[in-house]
Amino acid sequence: MIPTQEHDASAPLLDGRYRLEQAIGQGGMSVVYRGVDESLHRPVAIKLFHAGIVDIARQEAELGVLASLEHHNLVSLLDAGVLTGQDGTQQRYIVMSLVVGQDLEERLAVGPLASRHIAEIGYDMAEALDYIHAHGVVHRDIKPSNILLVDYGNGSDRARARLTDFGIALAAGVERLTADGVTTGTAAYLSPEQARGGEVGPPSDVYSLGLVLLQCFTRRREFPGSLVESAVARLSRDPVVPEPLPEHWKHLLRAMTAQDPAARPLGAELVTMLRDVVIAETAAPDHVVEPADETAPVPTRADTDRPATLDTLPDESLQRTTAMAARLFDAPIALVEVLDEDREWSQSYIAEGVDEAARSISFRNGFAPVPVPVVIPDGSAHPEMRNSPLVTGPLGIRFYVSVPLVKHDGATIGTLAVLDTRPRQATEDDLANLRDLAALAVTQLEIRQESLRTTSDSLPVPRVVGDQTA
């Protein structure tokens with residue numbers, strides 16, 4: 001077996017042909033090395049899967065499909081093989097073209113991208129998706145680190161983008177490259193159907209690409225956090241598209257990230273939409289959207305006339321609210337969310353002994369307030385909950401009940417929820433008690449709001465660099 005570390009020139013050849021050099025990337029499934037094809041004397045990238053990650057016998061048909069893909073916006077698969085260790089264990093490796101340049105994640109860490117360049121990257125990726133989808137392949141893991149910006153060494157300011165890493169791609173009628181039970185896709189970029197464990201097709205790649213393009217503007221992940229936290233967030237709200245963006249960008253990003261897969265543009269339609277955006281951006285001055293605070297959520301509108309309320313919440317009050325809610329139901333988990341237009345705060349009560357996964361549950365990533373009480377006696381039997389990571393994961397949540405936080409003017413500003421690992425019912429008295437507790441919390445919040453009204457400033461809004469309105 002080849003150890004997962006850097007290799008020098010004395011390292012053994014893979015199948016007598018490929019010599020490994022230094023590791024240039026690593027993930028949960030594999031390590032990617034820079035290598036040399038000793039037969040053709042050219043640099044290559046070699047992806048070595050960890051032993052046991054993939055089923056060798058069930059991959060051949062899929063590898064055949066992936067090897068047949070040839071497109072200027074794809075990183076080509078050149079070869080594949082199997083290594084057999086002295087103990088009989090096997091490892092799959094695949095050989096790809098070595099692309100010189102940064103990946104998109106590295107580029108975003110350096111600084112903002114002009115919207116024209118974002119459009120060009122999006123157009124390249126739309127062409128790549130149109131091509132692979134027409135060949136029955138779904139990538140399943142579209143993310144910035146899998147989009148390479150090629151440096152051809154000619155000083156061009158047009159960085160052509162190429163899609164790489166088909167390690168978990170799924171060709172039609174062929175098993176996936178991951179072992180059974182392994183979650184595919186990166187949590188921050190999963191489509192809603194992936195988060196639900198539902199059927200995944202071309203619309204899933206389009207959704208993920210929409211999140212990537214949105215991140216190019218905001219330079220932050222729209223759905224950060226753990227698998228559970230990130231997946232639950234996208235099932236509860238749509239991504240926030242910054243209002244200062246031009247209308248063609250807002251229309252495109254909202255279409256690509258529609259909750260309904262059937263509503264997302266596919267194939268030639270997506271290519272045409274992004275081509276039109278490239279044309280619009282080429283004709284207009286470049287602009288870059290920068291959040292005023294990159295650690296805070298991007299506001300969804302520039303409402304400078306509205307006072308910033310609830311900027312400082314009485315944390316002790318919210319802590320007591322969740323603790324009392326948990327006691328009311330003799331439950332291990334309670335959460336409260338307060339949403340003031342574009343900003344969110346949350347507080348939770350987690351009983352001792354609860355699985356650590358509960359620490360990652362947060363409303364900060366965007367639970368849309370539900371204006372009516374919700375009761376789910378047993379999540380494992382609920383059609384929309386049974387595939388949720390909250391139910392199928394280590395927490396094993398079964399019971400869920402929530403009531404809205406409603407202001408005196410009828411506006412819903414948040415949610416108070418209780419979760420339990422036991423299936424159970426909620427009586428009318430239970431709901432009434434929870435509603436009363438929510439009302440008390442809202443009263444304290446409104447008192448706090450009123451005390452801040454005369455001194456609060458307007459909401460921070462994204463700043464647009466260029467000729468757009470700041």
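1. In this predicted model, Tyr18 has Asp37 of strand E3 as its bridge partner, and this contact belongs to the antiparallel pairing of E2 with E3 (residues 30-37), which are joined by 6 bridges. Strands are DSSP runs of E with at least two residues, helices are runs of H or I with at least four, both numbered from the N terminus, and two strands count as paired if DSSP finds at least two bridges between them.

2. Strand E2 (residues 18-26) also runs antiparallel to strand E1 (residues 13-14), to which 2 bridges join it, and Leu13 stands opposite Arg19 in E2. E1 and E2 form a hairpin with 3 residues between them, and Asp15 in the turn has a positive phi of about 55°.

3. The largest cavity holds about 120 Å³, where points are joined across faces, edges and corners and the volume is the space filled by probe spheres set on them.

4. The lining of the largest cavity, meaning residues with an atom within 4 Å of a point, includes Leu63, Ile94, Met96, Asp165 and Phe166. Helix H1 (60-67) and strand E6 (90-97) each supply at least two of the lining residues. By class, the lining has 9 nonpolar, 1 polar and 1 charged residues, with Ala, Val, Leu, Ile, Met, Phe, Trp, Tyr, Cys and Pro taken as nonpolar, Asp, Glu, Lys and Arg as charged, and the others, Gly among them, as polar.

5. Residues are numbered from 1 along each chain as its sequence is written, and side-chain values use heavy atoms, with hydrogens and water left out. Local features need pLDDT of at least 70 and side-chain atom pairs count only at pLDDT 80 or more, whereas totals for chains, interfaces and linings use all residues.

Terms used:
1 Å grid on protein atoms, 1.4 Å probe; cavity = no way out; pocket = protein on both sides within 12 Å on 5 of 7 lines; lining within 4 Å.
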